[in-house]
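Subject: Structure for you to look at

Hi,

Here is the structure I promised to pass on. Please open it first, then read my notes beside it.

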2 protein chains.
Amino acid sequence: MPRTRVHNFSISLDGFATGEPQSLEAPFGHAGQRLHRWMMATRFWDEAGSAGVDYSFALQHSEGIGAEIMGANKFGPPGWPDDPDWRGWWGENPPFHTPVFVLTHHPRPDLVMEGGNTFHFLTATPAEALAAAREAAGGLDVRIGGGPSVVRDFLTAGLIDHLHVVVVPIVLGRGVRLWDGLEGIEAGYDVEAVSSPSGVTHLTFTRRAD
Amino acid sequence: MPRTRVHNFSISLDGFATGEPQSLEAPFGHAGQRLHRWMMATRFWDEAGSAGVDYSFALQHSEGIGAEIMGANKFGPPGWPDDPDWRGWWGENPPFHTPVFVLTHHPRPDLVMEGGNTFHFLTATPAEALAAAREAAGGLDVRIGGGPSVVRDFLTAGLIDHLHVVVVPIVLGRGVRLWDGLEGIEAGYDVEAVSSPSGVTHLTFTRRAD
């Protein structure tokens, strides 16, 4: 049975997955790259990087994934739907290499890019988007790519089987929180916590069998 | 030089150090005992408990401590200042065994109890309270005992040298948060994260030498 997974989803100690304000120059606002430095220090990002626990977790990102669903705020900076030429942040060969479903209230035609990246734009509930992504994933798993509002919506809808959250030891103070409205969410999951010498802590939520 | 320390301060994944509402029957509100089960499962609380990493951290609580400062909400439930007979939650021999300074807008005479526990009630700024506690501590360290508002006030005032926070893998959703208003607090500290097989993660903030 294919699973729905979240990977490498980094938050501050106070639960913010992005800072503010988000812009073309600063996709994560005042957080800058601080939430993702743990990942950039591994071979996942840099050939000369580390290959320990942080790398091991990071690697799961693409393993067995057949499609991604992301929110509008991940695809571009505020206002991107008004720019017909916006093609995402990632250049001509984005790092997904699968169909990608972008949740937006401003759908546009499919965007076919190099490396197996095809972006589909749709207005849909989490369950509808997941059905479309599963269809496209060819029996593989679907990754929910963020941002925090989208991950939260899928958690609230009970659609996440595997959630990997990385707690970074910084206090951001402002931005968009992951956990809001999710009181008691742990009841449906087994939770593992593993700290890394890098200072981050990897939390793995695995959905309990019913 | 004596230090000012916080120990065994437990928060949920979303940063709440207590649930709501707080009452005589439920000092931590809807959180119940969930934030402190990790500690109650060790020899710190129960002779038959575990003696690993959780116990090792818990033990630091009293080591080298000469006085505690606590907030009014730790000393009693809402309304305790109106009850002249309220003597705390802990029976006639509370677990502090040092002078304890209770920050309150309703001071009352000193309360002398068994086991070296003397409670002093004062209206004071964090710096003033710390000066009084240091004087009473006889050269030993001062513990800031909580609750979250008091820990936050002392952090904001730059008065904490050692902060031990225990992140418990539950999402409380509501209550009193620790991290509010503390953006960037990590800059003044070295931070260590260690996960325990029990599922909690111990964060140790050690103030950097200037």
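This is a predicted model: local features need pLDDT of at least 70, side-chain atom pairs count only at pLDDT 80 or more; totals for chains, interfaces and linings use all residues.

**How the two chains relate**

Two copies of a chain are related by a rotation about an axis and a shift along it.

**Where they touch**

The contact involves 22 residues of chain A and 22 residues of chain B. On chain A, strand 10 (189–195) and strand 11 (201–207) each supply at least two residues to the side that touches chain B. Strand 10 of chain A gives the most, with four residues. By type, that side of chain A has twelve nonpolar, six polar and four charged residues. Of the interface residues of chain A, 100% are also interface residues in chain B, so the copies meet through the same surface.

**Chain A as a whole**

Chain A has five helices and eleven strands. Its C-alpha trace spans about 45 × 45 × 35 Å along the principal axes. Of the 210 residues of chain A, 41% count as buried. Now take the contacts in chain A between residues at least 6 apart in sequence: 65% of them join residues at least 24 apart.

**The sheet in chain B**

Strands of a sheet pair through backbone hydrogen bonds, either parallel or antiparallel. Chain B has an open sheet of nine strands with mixed pairing, in the order 5-6-4-3-7-1-8-11-10. Strand 5 (111–112) and strand 10 (189–195) of chain B stand at the edges. Each has a single partner strand, so one side of each is left without a neighbour in the sheet.

Now look at strand 1 (residues 4–12) of chain B. Eight of its nine residues are buried. It runs parallel to strand 7 (residues 141–144) of chain B, joined by two bridges. B:R5 has B:R143 as its bridge partner there. Strand 1 of chain B also pairs with strand 8 (residues 162–168) of chain B, in the parallel sense, over six bridges. One partner pair there is B:S12 and B:V168.

Strand 7 of chain B also runs parallel to strand 3 (residues 65–71) of chain B, with four bridges joining them. B:E68 stands opposite B:R143 in strand 7 of chain B.

**Strand 8 in chain A**

Strand 1 (residues 4–12) of chain A pairs with strand 8 of chain A in the parallel sense, over six bridges. A:I11 has A:V167 as its bridge partner. Strand 8 and strand 11 of chain A run antiparallel, joined by six bridges. There, A:H164 stands opposite A:T204.

In soluble globular proteins, nonpolar side chains tend to be buried together. In this model, the largest nonpolar core has 102 residues. A:I69 and B:I69 have the most contacts inside it. Leaving out residues up to four places away in sequence, A:I69 touches several others, including A:F101, A:L130 and A:I144.

A:F154 lies in helix 5 (residues 148–156) of chain A. A residue is buried if 20 or more other C-beta atoms lie within 10 Å of its own. A:F154 has 21, so A:F154 is buried. Among the residues A:F154 touches are A:P126 and A:I144. A:F154 and A:T4 are 150 residues apart in sequence, yet 9.4 Å apart in space, C-alpha to C-alpha.

In helix 5 of chain B, the buried residues include B:P148, B:F154 and B:L155. Just after that helix, B:G158 takes a positive phi of about 70°.

Best wishes

Key: Residues are numbered from 1 along each chain as its sequence is written. Chains are lettered from A and ligands numbered from 1 in the order in which they are written. Two residues are in contact if their C-beta atoms, placed from the backbone, lie within 7 Å. Ala, Val, Leu, Ile, Met, Phe, Trp, Tyr, Cys and Pro count as nonpolar, Asp, Glu, Lys and Arg as charged, and the others, Gly among them, as polar. A nonpolar core is a set of buried Ala, Val, Leu, Ile, Met, Phe, Trp, Tyr and Cys residues joined through C-beta atoms within 7 Å. A residue is buried if 20 or more other C-beta atoms lie within 10 Å of its own, exposed if 12 or fewer, and partly exposed in between; C-beta atoms are placed from the backbone. Two strands pair if DSSP finds at least two bridges between them.
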